Amino acid sequence: MATSGAALQLKELQRYYESFGAVRGVSLSLEPGQFLTLLGPSGSGKTTTLLMIAGFLEPSAGEILINQRPVTHIAAHKRDIGMVFQNYALFPHMTVTDNVAFPLKMRGIARKEAREQAQHFIEKVGLERFARRFPAQLSGGQQQRVALARALVFSPSLVLMDEPLGALDRRLRLQMQEEIKKLQVDLGLTVVYVTHDQEEALTMSDRVAVMENGLIASFGPPKQIYEAPDNRFVAGFIGESNFIQCQVRQQDQNYALAAVGDCGDVRVLMRQSAQAGASASDDSVIFVRPERLHLCTPDDHYHNKLSASVVGEIYLGDATLFRVRLADGQEVRVKRPNRGIGAPLHPGDHCFVGWQTDDGVLLRH
Ligand code: ATP
């Protein structure tokens, strides 16, 4: 883990409520200008972690450093952090300009300069026409833009966002995701973002920390988290997944040969971290994404091919998700683009399920 020049470091951060560990030892390091998302199911400790970074919640143990400065016991307002919440938390009696200028006034900046600086950020979030309005006269998306401008106006070292787009409809959410990402890159902001929306985490982040029961289950770039998850929890939590039960017959450092019931043997990738629980003849699972499985014929050139029959299909617009039963009774999902390739298939049809060796990964239970 690189730590020199880190914008944020958490060292074994913990928060206990009596004997219950909401956060049980979180360590991570973030470089300046990186966008980190804390992703995880409800109750996994995302908000608790964020509140400790913000200084609103005292850790039970551990250390927090911002730009290498220990801040664990420093008051929230002295940490140089901008915050955006889901519920905007704007001052209802102040105009947009006054809301955005507020943090500057609190820092003793003269009124004229504060208003000019506020104006600059109001333009950055595209609200120049609304500068004189009050929050109640704005839509949800516009209010969230005001909250964003207010969090950024004093050029904080770190920006924390807790489900900032949770209250917006899908279209606006996607638009705001793009805008936040652009601002983050343009201004070189270091951001810690909390969401339980995996798509949002994958599209916006430089690093994703997947949390489970108060711990980080996996930490890495989105592509690594999605394509090469370390463990079954992460593989199952992000995206659609198939877990095919198998028995390992042989393995070397990189590959394993595994039997899928009496359907035949397949060759799959071994991961360093996945090896521990998968010694020869152990029951294990093969993890493979539905879009990496193919409905094929015996003549098609996939490394692995298993005989199967179609059980059901769900139309998704750009693709169809097929439920397919392997000859040993296990069901898998196969996502096939609707580009007119391949013969039409319907429930009851016989087919083969094929995939390339490197698209299937052996994971422990
Ligand atoms: P969500 O996505 O639902 O917001 P989260 O991942 O942000 O969830 P946290 O809010 O961090 O989860 O909560 C983590 C755990 O700590 C939960 O089980 C929660 O019930 C518990 N918890 C939070 N605050 C307290 C408290 N004041 N007293 C006792 N338990 C608490």
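Reader: Which elements each supply at least two residues of the shell around the ligand?
Author: β2 (20–30) and α1 (46–54) do. Helices here are DSSP runs of H or I with at least four residues, strands are runs of E with at least two, and both are numbered from the N terminus. Keep in mind that this is a predicted model: local features need pLDDT of at least 70, side-chain atom pairs count only at pLDDT 80 or more, and totals for chains, interfaces and linings use all residues. Residues are numbered from 1 along each chain as its sequence is written.

Reader: OK, and which one gives the most to that shell?
Author: That is α1, with 3 residues.

Reader: Which residues surround the ligand?
Author: They are Tyr17, Phe20, Ala22, Gly40, Ser42, Gly43, Ser44, Gly45, Lys46, Thr47, Thr48 and His196. By class, the shell has 3 nonpolar, 8 polar and 1 charged residues. Ala, Val, Leu, Ile, Met, Phe, Trp, Tyr, Cys and Pro count as nonpolar, Asp, Glu, Lys and Arg as charged, and the others, Gly among them, as polar.

Reader: Switching to helices. How do the axes of α2 and α4 cross?
Author: The axes of α2 (residues 96–106) and α4 (residues 140–152) come within 7 Å and cross at roughly 30°. Axes are lines fitted to C-alpha atoms, for helices over the stretch in contact, and angles run from 0 to 180 degrees between N-to-C directions. So α2 is roughly parallel to α4; angles under 35 degrees count as roughly parallel, over 145 as roughly antiparallel, 65 to 115 as roughly perpendicular and the rest as oblique.

Reader: Which residues meet there?
Author: From α2, Val96, Asn99, Val100, Phe102 and Pro103 meet Val146, Ala149 and Arg150 of α4. Contact means that the C-beta atoms, placed from the backbone, lie within 7 Å. That contact of α2 with α4 has 6 nonpolar, 1 polar and 1 charged residues.

Reader: And what about α2 with α3?
Author: Those axes, with α3 covering residues 111–124, come within 8 Å and cross at roughly 120°. That makes α2 oblique to α3. The α2 side of the contact includes Val96, Thr97 and Leu104, and among the α3 residues are Ala114, Phe121 and Ile122. By class, the contact of α2 with α3 divides into 8 nonpolar, 3 polar and 2 charged residues.

Reader: Now the strands. What order do they take in the open sheet of 6?
Author: The order is β6-β7-β8-β3-β9-β10, with mixed pairing. Two strands pair if DSSP finds at least two bridges between them. β6 (81–85) and β10 (215–220) stand at the edges with a single partner strand each, so one side of each has no neighbour in the sheet. On average, neighbouring strands of this sheet are turned by 15° against each other, direction ignored.

Reader: How many bridges join β9 to β10?
Author: There are 5, and β9 (residues 207–212) runs antiparallel to β10. Met211 has Ile216 in β10 as its bridge partner.

Reader: Last one: what joins β11 to β12?
Author: A hairpin does, through 3 residues. β11 (residues 242–251) and β12 (residues 255–259) pair in the antiparallel sense over 4 bridges, and Gln247 stands opposite Ala259 in β12.

Note on methods. Two residues are in contact if their C-beta atoms, placed from the backbone, lie within 7 Å. A residue is near a molecule or strand if its C-beta atom, placed from the backbone, lies within 6 Å of it.
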